[in-house]
Amino acid sequence: MRYTILLHYSEETDETLGEEVMTEGRRAFSAYALALHQAGVLLSGEVLQPSTSTTTLTTVDGELRIQDGPFADTKDQLGGTFVIDVPDLDAALEWARQAPGVAWGAVEVRPGATYVRDGGWEPNA
């Protein structure tokens with residue numbers, strides 16, 4: 001079963017956090033990704049650019065609108081994701097509990113419904 005671990009937290013910069021904190025955060029996420037990989041459950045992982053680089057598309061009254069910035073104007077933003085393949089929700093929650101981001105933000109676990117393989121949609125088993 002595929003699950004996506006979504007990492008939500010307040011966006012910070014090297015300047016606001018300090019180089020030591022950023023270096024430790026990078027180390028923690030590298031170790032986390034390596035642990036997922038070594039366990040054979042990691043399908044993908046991605047750190048996102050800051051929300052200021054976001055472009056959001058919506059349709060309002062049948063008209064496509066494109067706006068700079070995130071759709072939700074909140075303090076916390078989606079900062080990255082890990083997609084894992086584990087037997088069940090309990091296993092996904094155990095991996096999510098170990099995500100470094102849980103110390104400073106929300107970590108959401110969401111099962112996938114379908115995914116793309118070789119250009120076609122597959123149901124999540």
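## Helix H2: the buried face

The buried residues of helix H2 are Met22, Gly25, Ala28, Phe29, Tyr32 and Leu36. Because these residues fall within an arc of 125° when seen down the axis of H2, they line one face of the helix. This pattern may be read with a general rule in mind: an α-helix has 3.6 residues a turn, so residues three or four places apart point the same way. The model described here is a predicted one.

On the other side of H2, the exposed residues are Glu20, His37 and Gln38.

## Helix H2: length and surroundings

Helix H2 consists of 20 residues. From its first C-alpha to its last it reaches 28 Å, close to the 28 Å expected at 1.5 Å a residue. Just after H2, Gly40 takes a positive phi of about 75°.

The buried residues of H2 pack against several elements: strand S1, helix H1 (14-17), strand S2 (42-47), strand S5 and helix H3.

## Helix H3: two sides

Helix H3 spans residues 89-97, and within it Ala91, Ala92, Trp95 and Ala96 are buried. These four residues are on the same side of H3, because they cover an arc of only 140° around the axis. Asp90 and Arg97, on the other side of H3, are exposed.

At the start of H3, the backbone nitrogen of Asp90 has a side-chain oxygen of Asp88 within 3.3 Å.

The buried residues of H3 pack against strand S1 (2-10), helix H2 (19-38), strand S5 (76-85) and strand S6 (105-111).

Definitions and conventions. Residues are numbered from 1 along each chain as its sequence is written. This is a predicted model: local features need pLDDT of at least 70, side-chain atom pairs count only at pLDDT 80 or more; totals for chains, interfaces and linings use all residues. Side-chain values use heavy atoms; hydrogens and water are left out. Buried means under 20% relative accessible area, exposed over 50%, partly exposed in between (1.4 Å probe, protein chains only). The arc is that of the directions from the helix axis to the C-beta atoms. Contact means heavy atoms within 4.5 Å. A polar contact is a pair of N or O atoms within 3.5 Å; within protein, one must be able to donate a hydrogen and the other to accept it, and residues adjacent in sequence count only if both atoms are side-chain atoms. The expected span of a helix is 1.5 Å times one less than its number of residues.
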